[in-house]
Amino acid sequence: MDSDQHWKKDRGILAPYRALDLSDERGLLCGKILADMGADVIKIERPGGDPSRNIGPFYHDIPDPEKSLFWFAYNTNKRSITLNIETDDGRAILGKLVKTADILIESFDPGYLKGLGLSYAELSKIHPGLVMTSITAFGQTGPYSGFKYSDIVAWAMGSIMSQCGNPERPPVQSTFPQAFINASADGAEGTMVALYHRELTREGQHVDVSAQESCIWSTAENVLEWDGAKLSGKRPGHLHTNPSGLHSPVLWQCKDGYVAMFLLGGMPGAKTNRKLTEWMDRKGMAPDFMKNKDWEKWDFHSLTREELDSIVVAIDKFLKTLTKDEFQREAIERNIQGQAVYNPEETMRNPQLIAREFWVKIEHNELKDTITYPGAFAKFTETPLKGWRRAPLIGEHNEEIYLKELGFSKEELMTLKMGGII
Amino acid sequence: MAKHVFDELKAVGFTYAGVGNFVLRVLALNGATVVRVESETRPDTVRTMAPFKDNIPGLNRSYYYNSPNTDKLDLALDMKHRRKDEVTRKLVEWADVLVENFTPGVMAGWGLSYEEVNKINPGIIMISLSMQGQTGPARLQGGYGPLLQSLVGFPLITGWPDAMPSLIDRSYPDYIAPRFGAVAVIAALLHRRRTGQGQYIDVSEYEDAIQFESPLILDWVINQRLHQRMGNKYPNAAPHGVFPCKGDDRWCVIAVFSDSEWEAFCKVISTPEWTKETKFETLLARKKNEDELNKLVGKWTMNYTAEEVMTLMQKAGVRAGVVQTVEDVVEYDPQLKHRHFFWTLNHPECGETLHNRVNYLLSKTPSELRRPAPCLGEHTDFVCKELLKMPEDQYVSLMLDNVFK
């Protein structure tokens, strides 16, 4: 089948829309979300390939721009062309593409596109209906908009970092940085809001995403606790702070790793506390004071350290006799609010995700491999996410876009290639 | 009056706690008319959660409720009442979008499964958000954000290799799924504009949180590698981390990637002798001796406030940022003030309340916070009469029957 037709056939809920994705690791998820819903997302890479192709891990640990698993993960269902927008021809070509597009996503430092004559003000003159989404650490305006940054800077300035890590150690980011993943998802949300507006009015607009703001929203409980009680709690580590100010674990050691569960007083905790006690009792591990407790009336506000400790010790001892999977299975069966702490291996064999057919297999012909990926972010009854395609190779769709769609000749394509423009 | 994207959109929420209300919030802050259905006999659980205004409990005094529920209307309805269908039916007829996040099965128990809802209003877009989805063996398992983020495995990659895993704050996944949920609803609205067709959307908080760590899944699939906690180390940067500053629990991030950034960094700290040693000369060397490097950097940062470190570094073009606390961002951050990120509203029982806007600025149709969170049942009368156009006699009869409580 002609690859053009392949693209247009049955693409899904956003099939009528085209997005140009000029972003890097700070914004790739935004375009992926649109592409997974069937939008024609064209990743515009600099000649030689997007710098985010250098981000590991790599396929079989071979560092190669065509083997970045980071790239694979966040570019499914996109097409790719190469284009050097720092050249006059490159800018002219981008202008032509903008006329065909509904959305443009970018994550350059603020001011970079303006320096090239490609700011929103200028692009919207070419195409007033364009929705342009910019994803940066601090947004396009304001005293910090010129700051230098990477993911960890936005994570810190967005205050969520102050809530991550063991309280007696420095705050931490995650091994897989999260700030711009949050911002990219917000980029998708903002893009969709603006796209809806465009459908009503034909008017495009600029969506200005700040990763700092995205991070603050992801820790919004702290904002309201500050507003309501001037509380500024220290990072929880693996603990939960209950209303009496005492700490008890959320994460507990079990036989082969960790499980998560926390103690709550009164009605909110009663069912789990009672069922856990029954389970412990079946194994002869429930102390009498737990068996005799009226959990509905267990008052967390007047709780003493001694009482809490004695319960924590008994539960801790019990959980250490269980594996993660045993805990998970029984927690579901007994309707206990608790979860195993699963790594990717265990996540992939979790019966819940298998039952829901969450995982999708995507073919990588040139690797002679089929790779299992996380699948749809939502199940739609009428317009399911389907037809999964692997991330594009560098400039994989140059010919179909430059020759077939934009009408360049093969000679011109050669000139553009040798001129370092594509 | 400023125009908002969803000025013409109508949404009804059978929601409680976080995720469902966070999807409604996106619609509400962009102009939609949003009606939440609550009951005095079964109020939103967060209405009973501290902190309360002046520490006095009360259904309208919880900051957990009031903070994310601005710009919504509230209808009190006894969902156990035999006549409740008279109201829910009209709500479903009225709405473009129905959002719910109860345990799977609860809506069906009220006669509000998608099948039933679709019969009343075939064009409606209904979205269910739940912990683990509407199907599968764990669909009924309840829980909280900290438990779900554990299931996803975030704590295994957050913290220090020689210490217990750490949570990412508390309810992290509760903020992930609503972003996908809002995207899905708007996509379905666009589809409906084209085809007239409504649909049902099933969002699993679990599956959405996994999207935030997809490369780690692929690394397992391909390389059988499981990622570990590694503090603040990053493969191609050193120093890269959090450094102690003057004051109690004050920290500043510094991230040095390229050689030129390293040179700029050395100048900021007045190029002490140790920076000239060969063990710190190249990126590979700095990575190899990273622990020692971090200690030396920390000895320098300790003499300054976190703000001073950030300013000195940024002036020299070095990536740096204060590990801001909630107090820093709410009270002092000039960037957030410039961008009007926090808004205040005047709540009838709590007085001035603080809120975040959405996390993006729209150049033509800025989102706005206009009305404080509703008191329980505050708009029952308005919703029934003005929005649902319920005849006066029916309204009075339902009221006398005690349906609205």
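Predicted model: local features only at pLDDT ≥ 70, side-chain atom pairs only at ≥ 80, totals over all residues.
**The contact between the chains**

Chain A contributes 124 residues to the contact, and chain B contributes 122 residues. On the side of chain A that touches chain B, the largest share comes from helix H8 (residues 179-201) of chain A, which supplies twelve residues. That side of chain A is made up of 68 nonpolar, 40 polar and 16 charged residues.

Across the contact, H8(A) meets helix H7 (residues 172-195) of chain B, the two axes coming within 9 Å and crossing at roughly 25°. Because angles under 35 degrees count as roughly parallel, H8(A) and H7(B) are therefore roughly parallel to each other. The crossing by which H8(A) passes H7(B) is left-handed. The residues that H8(A) brings to this meeting include Ala185(A), Ala188(A), Met192(A), Val193(A) and Tyr196(A), together with Asp186(A), Glu189(A) and Glu199(A), while those from H7(B) include Phe180(B), Val183(B), Ile186(B), Leu189(B) and Leu190(B), as well as Arg179(B) and Arg193(B). Taken by class, the residues of the contact of H8(A) with H7(B) comprise twelve nonpolar and five charged residues, with no polar ones.

The two chains are also joined by strand pairing, since strand E6 (residues 205-210) of chain A and strand E12 (residues 360-362) of chain B pair in the antiparallel sense over three bridges. Within this pairing, Asp208(A) has Leu361(B) in E12(B) as its bridge partner.

**Chain B**

Chain B has 405 residues, of which 55% count as buried, and its secondary structure consists of 17 helices and twelve strands. Along the principal axes, the C-alpha atoms of chain B fill a box of roughly 85 × 50 × 40 Å. Among the contacts in chain B with a separation of 6 or more, 68% are accounted for by residues 24 or more positions apart.

A pairing within chain B itself links strand E10 (residues 342-347) with strand E11 (residues 351-356), again in the antiparallel sense, over six bridges. E10(B) and E11(B) form a hairpin with three residues between them, and in E11(B) the bridge partner of Trp343(B) is His355(B).

| Strands | Sense | Bridges | One bridge pair |
|---|---|---|---|
| E6(A) and E12(B) | antiparallel | three bridges | Asp208(A) and Leu361(B) |
| E10(B) and E11(B) | antiparallel | six bridges | Trp343(B) and His355(B) |

Definitions and conventions. Residues numbered from 1 in each chain as written. Chains lettered and ligands numbered in written order. Contact = placed C-beta atoms within 7 Å. Helix = DSSP H or I, 4+ residues; strand = E, 2+ residues; numbered from the N terminus. Nonpolar A, V, L, I, M, F, W, Y, C, P; charged D, E, K, R; others polar. Axes fitted to C-alpha atoms, helices over the stretch in contact; angles between N-to-C directions. Parallel < 35°, antiparallel > 145°, perpendicular 65-115°, else oblique. Left-handed = near helix turned anticlockwise from the far one by under 90°. Buried ≥ 20, exposed ≤ 12 C-beta atoms within 10 Å, placed from the backbone.
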